[in-house]
Amino acid sequence: MLLDLLTGAGVSSDDARGVAVDVIRRARMLAALPIDYFDVLVTPFIEEVALSMRTGSGPTSVEPSHSVTCRAWMAPSSLADRPVWDHARMDFDLAPPNGVGPLRIGMTRHAANTALDSLRDLSAISESDRSGQHVFRLSGLMISIHCARDMLEAIELGRPSSQKDRVLFQGVDVFAPSAREVVRRVGELTSIEEDPDDDASFIAPDLLLSFWRPFAADDEPEEEQGYYFSSVLLARPGYYDTPVQAAERLQQSS
C-alpha cells in the first residue's frame, strides 16, 4: 500500500521502496497505539515526502504543512526511538466511556502515566508538566488524569490557546465554537443538561462527559472564559454519583 501511494504520487520505484521500508520501520513505534493514530501520523508524512521528491527538493527540505509531521524519518538514529508525538499537531477524539487516544478509562495508574507522558511535546516540554498528573502541549492544551485505587477514573482536557490541537466529540470541536454552540451541536447527538450545581456548565449524563467554564457569558465573546468552555472531563461510570447513588450502584452490582 505504501509503494502504491508513493508511486501513484509520482515517486520513482527505487525511491518509493526506500521510503516505504524506512516508514515501516519507524511505524513500529506506533504499534502500541490505537490504529487510528497510525493513519493520522504516517499518511501526512508520506504525502510530504512524496511532494518533496516530485519537486526535487529532497526529504531534508520537508516543512510541516499537514496536521501532523513525523520528523523521525530524517532524524538521527539516536532520536528515532523517541515518542512519535514530537512536533505533532493532533485531533483528540473523545470516545466516552472508553477514553481519549492512548488514555483508556480503567487502565492501571502506571499505564496511564506512561500514556500521558507519550502525549508531551518533546520539542517544547512545559515546566508546568507534572508526571502522573498533567501535561501541557505546545498549543496550550492541558491533559490531566485522575486515578484512584490504582485505576484511571477520569481524563480532563483544558482549552488550548491555539488550533494546533483540537478536542473533538463525534466531529464537534468542543473548544473552538462558543459554549452555547457546543451545547446545541452536542445536543443533536445525545442528551445534555445544565449541571445542577453549576448553571454555567453542562453534563452529558449518558456519556459521562462534563463541560465546564467558571461563569456564563454567552453574549459576550470578549469574555473568553465565559463564552467558551474551559475544560471537558470524561469519566468512568459512577464518577458523578452522589454518596447515595454510589451506595445504590454498589448494592446493585453485589
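Let's begin at Glu153, which sits in strand β6, residues 151-158. Strands here are DSSP runs of E at least two residues long, helices are runs of H or I at least four long, and both are numbered from the N terminus. Before I go on, a word on what you're looking at: this is a predicted model, so local features need pLDDT of at least 70, side-chain atom pairs count only at pLDDT 80 or more, and totals for chains, interfaces and linings use all residues. Residues are numbered from 1 along each chain as its sequence is written, and side-chain values use heavy atoms, with hydrogens and water left out.

Back to that glutamate. Is Glu153 buried or exposed? Glu153 counts as buried because its relative accessibility is 7%. The cut-offs are under 20% relative accessible area for buried, over 50% for exposed, and partly exposed in between, with a 1.4 Å probe and protein chains only. And what does Glu153 touch, if we skip its neighbours within four places in sequence? The contacts are Ile105, His146, Cys147, Ala148, Leu234, Ala235, Arg236 and Tyr239, where contact means heavy atoms within 4.5 Å.

Seven of the eight residues of β6 are buried, so the strand is largely enclosed by the rest of the structure. One partner is β5, residues 142-148, which pairs with β6 in the antiparallel sense over seven bridges; two strands pair if DSSP finds at least two bridges between them. If you want a pair to click on, Ser144 has Glu156 in β6 as its bridge partner. The β5 and β6 hairpin has two residues between the strands, and Arg149 there takes a positive phi near 55°. Another partner is β12, residues 231-235, antiparallel to β6 over five bridges. There, Ala154 is bridged to Ala235 of β12.

Now, another sheet. What is the strand order in the open sheet of five strands? The order is β3-β2-β1-β7-β8, and the pairing is mixed. The edges are β3, residues 103-104, and β8, each pairing on one side only. Inside that sheet, β1, residues 91-95, runs parallel to β7, and three bridges join them. Phe92 stands opposite Val167 in β7.

On to a helix, α5. Its buried residues are Ala179, Val182, Val183 and Val186. Looking down the axis of α5, those buried residues fall within an arc of 100°, so they line one face of the helix. That arc is taken from the directions from the helix axis to the C-beta atoms. Who covers them? Among the elements over the buried residues of α5 are β7 (166-169), β8 (172-173), β10 (198-204), β11 (209-212) and α6 (224-227).

The helix α5 also brings us to the charged pairs. Arg184 forms a salt bridge with Glu181, with the closest N and O atoms 2.6 Å apart. By salt bridge I mean a side-chain nitrogen of Lys or Arg within 4 Å of a carboxyl oxygen of Asp or Glu. Arg184 and Glu181 are three residues apart in α5, residues 179-187, so about one helical turn separates them. Arg184 is partly exposed at 44% relative accessible area, and Glu181 is partly exposed too, at 26%.

How many salt bridges are there in the whole structure? The search finds eleven. Take Arg120 and Asp129, whose side chains meet at 3.0 Å, N to O. Arg120 counts as partly exposed at 23%, while Asp129 is buried at 10%. Then there's Asp218 with Arg213, a salt bridge at 2.8 Å, N to O. Asp218 is partly exposed, with 24% relative accessible area, whereas Arg213 is buried, with 2%. Salt bridges that share partners also join Asp121, Arg137 and Asp165 into one network.

Let me zoom out to finish. The chain has seven helices and twelve strands, and 43% of its 254 residues are buried. Of the contacts with a separation of 6 or more, 49% are between residues 24 or more positions apart.
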